[in-house]
Amino acid sequence: MTKWAPLQAKYAAVADRPILDLFDATRAADFSVRADGMLFDYSKTNIDTETRAALIALTEGSGVAEKRTAMFAGEKINLTEGRAVLHVALRAGDDAVIKVDGRDVMPDVRRIRAACAAFARDVRSGAYAGQGGPITDVVNIGIGGSDLGPAMATLALAPFHDGPRCHFVSNVDGAHIHDTLRGLDPATTLVIVASKTFTTIETMTNADTAKRWMAQKVANPAAQFAAVSTAGDKTAAYGIDPARVFGFEDWVGGRYSMWGPIGLALMIAIGPEAFDQFLAGGRAMDDHFLTAPFSQNMPVMLALTGIWHNQLCGHTTRAVLPYDQRLSRLPAYLQQLEMESNGKRVAIDGSDLETHSGPVVWGEPGTNGQHAFYQLIHQGTRTVPCEFLVARRGHEPDLAHQHLLLVSNCLAQAEALLRGRSLDEARAIMAKKGLTGAELEKQARHRVFPGNRPSTVLAYDQLTPFVLGQIIALYEHRVFVEGVILGLNSFDQWGVELGKELALALQPVLEGTADTDGKDGSTAALVNFLRA
Ligand code: F6P
């Protein structure tokens, strides 16, 4: 019998139970969690008191508390790479002491944080200028974790921008850098090359392109380059002045790195003080994660709804639906965070996982999604658990009526998924329209909503730097908890390697300097088509 058996039995017993029947006067309060002004409501799921107790027992039995202690203590829990996992150190408070191999890493964290802040202030004030005047535009060149976090957060915190414009280039498709640089002035642009390894081919290719672009107009392009990396030797070889190189250690995973120097573009956009608020929000969620009992612990309960829906109910995807336009890049950010972390088929000890790996994560902001894919969510044959996010207030007081419309749509969608519309209700609607007999019956069937589709809501006051910090740390810890329960290593990413190797080998084939020998028939035929 595996550790999953009690919950599998539980699911078999309640699979078709109407969630609506679970509601009594206290369910909404009992099946929600609060943390520093945020509310996570999971009452519209098929989790009842007994299921929750079993899920918490699974969490305890999986050693989540012990692993959590180990992570925060700097132990090397990333076993396949022999590394600590310490993104939490990047947002730790001034008095924190965190040791790796017996050495306190916090003095370095604080030193680099201060260096980033000083540089950000200089860029914002004009004390650091381009060769044609104060910096008007910052171009962050990076990919994956060196792009998605800062790009997502810079958009999310647009109301706090009071620095130069920030742009993000990631794709090796030349269209991306071409379209970004077009219209910018090389003499007033700062390029940040953000790459943990400083070897990623997309980033280094785009950096070379940016350097050539800058060289057309300025005498010393390297003087308008900064770098963020763990590889100081490589940034030096690239010709970037060490004064503008901001390092971090290998115990920060790429997709967990936006709290440190990888967030430099964001820091320049919103200023170091607002960035500190972002860190404070992350820290508040860390404190909550470390101290709240599991049943009141937001990351734990968010993780357990995920485990319930994916590993037990068998729903293979999870939709993230922010009713907050400025979080429109959150689903893409979470795709990397969740799928690169928990998309694994082998457990830490090298055995096969006992269950499925993490789900496919996808989504778009509401209300846009409503006019695109919600049809399938409401009436398709598969269930897609939905995770809504919504703020009490927007940043546009004169458009409060639009925010009200946004919130009402968010709550209405969650309600519609729960409640559905019965055949009788659909018949009554058709009868009102004057239909009768077979035609009424047929039309009514198309208008039935099965309902009983689970969703959760994360509600917060307003999308500020502090709240964004809470949200991102919440999801990071959710991924951690799910990963520990699944028994895998959430902090490596070997699955990205094979494609990189094959792409390198295909370059000479596409150039025509190597032949297609050894390639499968499809790849060889595509090479021939694209080469011609
Ligand atoms: O290819 C995947 C990956 O290694 C991610 O994990 C990482 O965030 C991204 O590439 C970028 O890596 P780097 O920051 O080293 O350029």
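The model is predicted, and the ligand sits in the largest pocket. The shell around the ligand comprises 14 residues, of which Ser146, Ser195, Thr197, Thr200 and Glu340 come nearest.

**Ligand surroundings**

- Glu340 contributes through its side chain, a polar atom of which lies 2.7 Å from an oxygen atom of the ligand.
- Of the 400 Å² of accessible area that the ligand has on its own, the protein covers 87%.
- Sorted by class, the residues of this shell are nine polar, three charged and two nonpolar.

**Largest pocket**

- The largest pocket holds about 1000 Å³ of space, and among its 33 lining residues Thr197, Thr200, Val496, Glu497 and Lys500 are the closest to its centre.
- Helices α9 (201-215), α14 (330-342) and α20 (497-511) each supply at least two residues of this lining, with α20 giving the most, seven residues.
- The lining of the largest pocket divides by class into 14 polar, ten charged and nine nonpolar residues.

**Second largest pocket**

- The second largest pocket has a volume of about 500 Å³, and of the 19 residues that line it, Gln325, Glu396, Gln402, His403 and Leu406 are the closest to its centre.
- Helix α16 (residues 400-419) provides the largest share of this lining, four residues, while the lining by class has eight polar, seven nonpolar and four charged residues.

Definitions and conventions:
Residues are numbered from 1 along each chain as its sequence is written. This is a predicted model: local features need pLDDT of at least 70, side-chain atom pairs count only at pLDDT 80 or more; totals for chains, interfaces and linings use all residues. Side-chain values use heavy atoms; hydrogens and water are left out. A residue is near a molecule or strand if one of its heavy atoms lies within 4 Å of it. A polar contact is a pair of N or O atoms within 3.5 Å; within protein, one must be able to donate a hydrogen and the other to accept it, and residues adjacent in sequence count only if both atoms are side-chain atoms. Accessible areas come from the Shrake-Rupley method with a 1.4 Å probe; for residues, only the protein chains shown count as cover. On a 1 Å grid over the protein atoms alone, a cavity is a set of points where a 1.4 Å probe fits but cannot get out, and a pocket is an open set with protein on both sides within 12 Å along at least five of seven lines; lining residues have an atom within 4 Å of a point. A molecule sits in a cavity or pocket if more than half of its atoms lie within 2 Å of its grid points. Ala, Val, Leu, Ile, Met, Phe, Trp, Tyr, Cys and Pro count as nonpolar, Asp, Glu, Lys and Arg as charged, and the others, Gly among them, as polar. Grid points are joined across faces, edges and corners, and a volume is the space filled by probe spheres set on the points.
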